[in-house]
Amino acid sequence: MLTRIINCQIFDPGRNGAQTGAATFQGYVEFSNDVITAVGEGVPPPADAGVKVIDARGATLAPSFVDMYANFCEPGYEYRETIASGSRAAAAGGYTAVCLRPDTDPLIQRSNGVRFLLERGALAGLIDVYPIGALSMGMEGQTMSEIGEMAAAGAILVGEGNVFVKRTGFLRRAMEYAGNFGLVTILTNEDPSLAEGPAHEGFMSTARGLKCSPTAAEEIAVARHIALAELTGTKTLLAKVSSAAGVRLIRDARARGVNVFASVSVHNLALNEDANAGYNAMTKVWPPLRAESDRRELLKALEEGVIDIVVSDHDPHVIEEKEVEFDLATTGAASIELTWSVLNTLAARGELGFSTVIRALSTAPRGIMGIPGGEIRTGMPADFVLLDRTAKWTVSAADMVTCGCNTPFDGQELIGKPVMTIRRGDVTWQS
Amino acid sequence: MKERVEKRVVMDARAVEMAVTDMAARIRAASDDDQFCIIGIQTGGIHIAQRLVKTMETVGIPRPDFGVLDITLYRDDIFMGLQQPVVRNTDIRFDLTGRNVLLVDDVLYTGRTIRAALDALVDFGRPRRIRLAVLVDRGLREYPIQADFVGRVVNTDADETVKVELTEMGFDRDRVVVYERNN
Amino acid sequence: MDKLNHLLGLEGLSRETITSILDHAVEFKEVSRRRIKKVPPLRGVTVVLFFIENSTRTRISFEVAAKRLSADTLNFSASTSSLSKGETLLDTAKNLMAMQPDIVVMRHFAPGAAKFLSERIPAGIVNAGDGAHAHPTQALLDMYTMRERLGTLNGLEVAIVGDIAHSRVARSNIHGLTTMGAKVRLAGPRTMLPPMLDHFPGVSVFDRIEPAIEGADVVMMLRIQKERMGKDLFPSDREYSRVFGLDSQKLKLAKPNALVMHPGPMNRGVEITPDVADSTQSVILEQVENGVAVRMAVLFLVARNLGVSEE
């Protein structure tokens, strides 16, 4: 059935060039089955009978979002979230595709794990699930997992979740092997022997007596992973960079032409170590919230494209896991449905460009993963999000779509809200 | 600080001096032993007590043991949030057991302060007797307490406040004044 | 003066408030020297000593303080408690509330635990130590001791030496002393100095003990916790005592009558030699006596804000 969206401000990254201006144009988009059939400016010609018309009422239409790092807790931790509930939260955030961490229970380390996630995702029917296969059995860094089999089952990404692979030699071989199958290796960055606690080693940890981890722990890990990316030639995504030191190394590596990409978590872009001042466990995330100077470097690097994408780092927990002393609380925040709104709030404050945000959430992830879309053009997949860029609203943890209760943004006023998400022509969510 | 409205002056400097002299004489007559000691209640009672001692010294009576007592910790309204109670100095360096104690305060009103002072004193020993001297008795008792030595009886209403203002407190001259109550 | 509903730490307390606490402690010290060491203001008030991290000395000090104010005390310690059976802090505290405590004196190994509880249960919370964050009554009794012996805190040069990174005593003293106009010199091996200490106004940082104690009015030695020995922070007791410990030779660098202080318990021969610990300059035992008076003042001032009456 042909569907037409009218009265929208179309933002097409392909037309503008992803980094420049935020020019949108008033227009309409038509799609049939799962493909865009027409994109036009101004008022469309009258519609034939049988055409479904959606009035966007001035909302901005952009390519839908792709999240390259999230946890939907299934299998094993369904009390926190399931693929079904996580899919709903993702759709509410404007996402049509999400990459899921392998550190579930059991781990995703064999083809059956990959198939299970794909099936559950298909059953929920709201987003495309992209499993990240574990690099090693048990994520113990000793024996490689069946990476080839997982690739055959449909995985395009591998990684070790939030675990730092201990043996550098092992990681090299695993990355080479992953490269064999054209997979992207996603690596998080903290040398655990330097990390004595959950806070950023800086003024706030000194003032509040919090156990902490220095940026050097990230810097050492990033340096190692860049060197291995260079050595193996494998496409590598350095996940959740959080420090100016990390950014420096990545900028240098890119300049040299090393095949590395970088992501940053929405939390490190929006918040700094001051958020930990009251020991509120909802602000306990990993990597930790760092100094304001680090945050500014991350924003700058994202604008420049030294950091390619923003991830939600969605990590739901139940209230019992967070309503405890800071040291004992679990780490993580369930922010997937808020990610664009938080970034748009930063944009409204002048800290980020609107088009940078769309690039970071839509175009660049698709580029890294090699999946089609990310432009509003005839022939492209009908994956869109309609965004109200000016709506002011207050986050209420109790009213969120995710089953997780944990967000550091509870009670904060944000600017902008997704109003509709469309995946392959189907409306997966509307407010 | 809202200015207090002065209603009437019930004692001037001369009246205060005469009252103190008179009280000193009566106290001396009734306290002819070597167990006599004086305890002034913070803060107004201390000045009156010191004046009594000075007056007695001028007629050759040796200075008795002297102590100061703060009753804040013994008040019955300490946590009723009325004011910020400030705990002041208590300094009683002698055992009160077997002593003939003269408790001194400036104004006797409801009797609650004296009740608190009695509770405090018995923690310092077991006095043989305790008697009370006040410069002004303004009536309106809420407890069955009476003073043994009174400088002047003054009739007041509940909506009034009585203040003893002495030069050692920084005032120009000694006066006892009835004011309108502030709150 | 700040309204003391809780005492969670000294950061943010005004000079006026700290002075008031110390002044009240003077009067309560007098009570402790009477024949009958008891006054009635906290009669009918229930004080729970909620010690998740064990401590005999601090707990007893608070217990004596509460009893001297005529309060009723209840003891709750971690080892004999439901916490060891997996009950959360919050559930344990809620169960405690069923006993209607008015004040909870709490010691816990997690920083922020006292604040956590103050936001969730309706009692007045007095922090007796929360991880490495704060130990406000210790700093108050340290300041009381200094003020009593030296006359004033304003302009004092106070050296604090030892494992600053893990010390709640150091942190609370930094806040209290600088508020009262003293200057703080922190010293310890670099492995025990957290970053950005000199961002606190009035604080200077040294990685050797000698420059820190030169000309100091007060030398406060912190306990080296033996549990830290296995954690790469310094090679041995012996080396620590020789390089960073206080002996009579090093003490000569300080002012002639400088006070020697220690929050206790001491490791004699490690951070402080026995002869210095027992010297005339040592006020370590006075600290303990002053601790009861200061804690009486704190309990009194917190109770005042509960609107609790004597009856």
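This is a dialogue on how to read a predicted model with chains A, B and C.

Colleague: Where do I begin with chain A, and how many helices and strands are in it?

Modeller: Begin with the secondary structure. Chain A has 13 helices and 18 strands. The radius of gyration of chain A is 21 Å, close to the 22 Å that the globule rule gives for 431 residues, so chain A is as compact as a globular protein of that length. The C-alpha trace of chain A spans about 65 × 45 × 45 Å along its principal axes.

Colleague: What share of the residues in chain A is buried?

Modeller: Of the 431 residues in chain A, 61% are buried. Sequence separation can be read next to that. Among the contacts in chain A with a separation of 6 or more, 75% are between residues 24 or more positions apart.

Colleague: Now chain B. What pattern does it follow along the sequence?

Modeller: The order in chain B is β-α-β-α-β-β-α-β-β-β-β, which comes to three helices and eight strands. Chain B has a radius of gyration of 16 Å, close to the 16 Å that the globule rule gives for 183 residues, so chain B is as compact as a globular protein of that length. Its C-alpha trace spans about 45 × 40 × 30 Å along the principal axes. In chain B, 51% of the 183 residues count as buried. Of the contacts in chain B between residues at least 6 apart in sequence, 71% join residues at least 24 apart.

Colleague: And how many helices and strands has chain C?

Modeller: Chain C has eleven helices and nine strands. A compact globule of 311 residues would have a radius of gyration near 19 Å, and the 19 Å of chain C agrees with that. Along its principal axes, the C-alpha trace of chain C spans about 55 × 45 × 35 Å. Buried residues are 60% of the 311 in chain C.

Colleague: How do I read an interface, and what area is buried between chain A and chain C?

Modeller: The size of an interface is often given as the accessible area lost when the parts come together. Between chain A and chain C that area is about 1600 Å², and carbon and sulfur atoms give 65% of it. The contact involves 16 residues of chain A and 23 residues of chain C. Five residue pairs are in polar contact between chain A and chain C. On the side of chain A that touches chain C there are six nonpolar, five polar and five charged residues.

Colleague: How many salt bridges are there between chain A and chain C?

Modeller: There are two. One of them joins the side chains of C:Arg120 and A:Glu323, at 3.0 Å from N to O.

Colleague: What is found between chain B and chain C?

Modeller: Chain B and chain C bury about 1800 Å² between them, with 58% of it on carbon and sulfur atoms. The side of chain B that touches chain C has nine nonpolar, four polar and four charged residues. The contact takes 17 residues from chain B and 20 from chain C. Three residue pairs are in polar contact across the interface of chain B and chain C, and the count of salt bridges there is zero.

Colleague: Last, the backbone. What should I look for in phi and in peptide bonds?

Modeller: Most residues other than glycine have a negative phi, and most peptide bonds are trans. The cases to look at here depart from that. The peptide bond from A:Glu74 to A:Pro75 is cis, with omega near 5 degrees. A:Pro75 is in the loop between strand 6 (65-70) and helix 2 (83-92) of chain A. Another cis peptide bond joins B:Gln42 and B:Thr43, with omega about -10 degrees.

Note on methods
Residues are numbered from 1 along each chain as its sequence is written. Chains are lettered from A and ligands numbered from 1 in the order in which they are written. This is a predicted model: local features need pLDDT of at least 70, side-chain atom pairs count only at pLDDT 80 or more; totals for chains, interfaces and linings use all residues. Side-chain values use heavy atoms; hydrogens and water are left out. Contact means heavy atoms within 4.5 Å. Buried area is the accessible area (1.4 Å probe) that two parts lose on being put together, summed over both. A salt bridge is a side-chain nitrogen of Lys or Arg within 4 Å of a carboxyl oxygen of Asp or Glu. A polar contact is a pair of N or O atoms within 3.5 Å; within protein, one must be able to donate a hydrogen and the other to accept it, and residues adjacent in sequence count only if both atoms are side-chain atoms. Ala, Val, Leu, Ile, Met, Phe, Trp, Tyr, Cys and Pro count as nonpolar, Asp, Glu, Lys and Arg as charged, and the others, Gly among them, as polar. Helices (H or I, at least four residues) and strands (E, at least two) are DSSP runs, numbered from the N terminus. The radius of gyration is taken over C-alpha atoms; the globule rule is 2.2 Å times the number of residues to the power 0.38. Buried means under 20% relative accessible area, exposed over 50%, partly exposed in between (1.4 Å probe, protein chains only).
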